[in-house]
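Come along and look things up with me.

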Amino acid sequence: MKLCVFLDDDYCPVVTLPLQLKDVDATERLAARLRDAEEEIARILKDEGYIFPSVSSDVGIDDQSVAIYVEPGPLASVGSISFEGLSRLSQETAQGFLKIHPGQPYRLEDINATKRALLRSGLFSRVEVVAADGEVDSPNEAIIIRLVE
């Protein structure tokens, strides 16, 4: 079975899978694997900052090919960054630990790196890095960093 991925109208053959879909159980297993693959691809795209990724799949009429269609959607970027909870330390001190900056893509890895850097500094007992409106859902996402000194 040939597995193909279509990304923004580009075709990319990925791998050939040795599957024979001659029974209902095999078809159901394939459908479950495809749903899992679709969810995983969407999760990865969201982690990379794509706001509304769309992933779907289609099994060929001959049951010998599968296509996965990926539409990443718009890419979110980091907007303004504000701090809550600073009392003894200056905002400039806290900013020195940031791994995110306005204008860069909103990537979960960078958000988590910022949180780790602030915690590892030893200056804060609790750190939250969140979208200002609670949801990553706009192309220019404002960030709030909540700190407990």
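**Ground rules.** I call a residue buried under 20% relative accessible area, exposed over 50%, and partly exposed in between, using a 1.4 Å probe and protein chains only. This is a predicted model, so I note that local features need pLDDT of at least 70 and side-chain atom pairs count only at pLDDT 80 or more, while totals for chains, interfaces and linings use all residues. Residues are numbered from 1 along each chain as its sequence is written, and side-chain values use heavy atoms, with hydrogens and water left out.

**Entry: overall build.** I counted three helices and seven strands in the protein chain. Helices (H or I, at least four residues) and strands (E, at least two) are DSSP runs, numbered from the N terminus. Reading from the N terminus, I wrote down the order β-β-α-β-β-β-α-α-β-β. The chain has 149 residues, and 31% of them count as buried.

**Entry: salt bridges.** I looked up nine salt bridges in the structure. The term stands for a side-chain nitrogen of Lys or Arg within 4 Å of a carboxyl oxygen of Asp or Glu.

I began with R107 and E48, whose side chains meet at 2.8 Å, N to O. R107 sits in the loop between α2 (91–95) and α3, and E48 in the loop between α1 and β3 (54–59), so this pair ties together parts 59 residues apart in sequence. R107 is partly exposed at 22% relative accessibility, and E48 is partly exposed at 33%. I also found E48 and R107 in a salt-bridge network with E109 and D110.

Next I turned to R146. Its side chain forms a salt bridge with that of E84 (3.0 Å, N to O). E84 belongs to strand β5 (residues 77–84) and R146 to strand β7, so the pair joins parts 62 residues apart in sequence. R146 also forms a salt bridge with E128, at 3.9 Å, N to O. E128 lies in strand β6 (residues 126–131) and R146 in β7, so here the tied parts are 18 residues apart in sequence. I noted E84 as partly exposed, at 36%, R146 likewise at 32%, and E128 at 25%.

Entry: E141 is placed in strand β7 (residues 140–148). Its side chain does make a polar contact with the side chain of S138, at 3.1 Å. Such a contact is a pair of N or O atoms within 3.5 Å; within protein, one must be able to donate a hydrogen and the other to accept it, and residues adjacent in sequence count only if both atoms are side-chain atoms.

**Entry: the largest pocket.** A pocket is an open set of points on a 1 Å grid over the protein atoms alone, with protein on both sides within 12 Å along at least five of seven lines, and lining residues have an atom within 4 Å of a point. I noted about 200 Å³ for the volume of the largest one, a volume being the space filled by probe spheres set on the points. Its lining includes K46, D47, Y106, L108 and K115. Both α1 (24–47) and α3 (108–120) supply at least two lining residues, and α3 gives the largest share, four residues. By class I listed seven nonpolar, two polar and three charged residues.

Conventions. On a 1 Å grid over the protein atoms alone, a cavity is a set of points where a 1.4 Å probe fits but cannot get out, and a pocket is an open set with protein on both sides within 12 Å along at least five of seven lines; lining residues have an atom within 4 Å of a point. Ala, Val, Leu, Ile, Met, Phe, Trp, Tyr, Cys and Pro count as nonpolar, Asp, Glu, Lys and Arg as charged, and the others, Gly among them, as polar.
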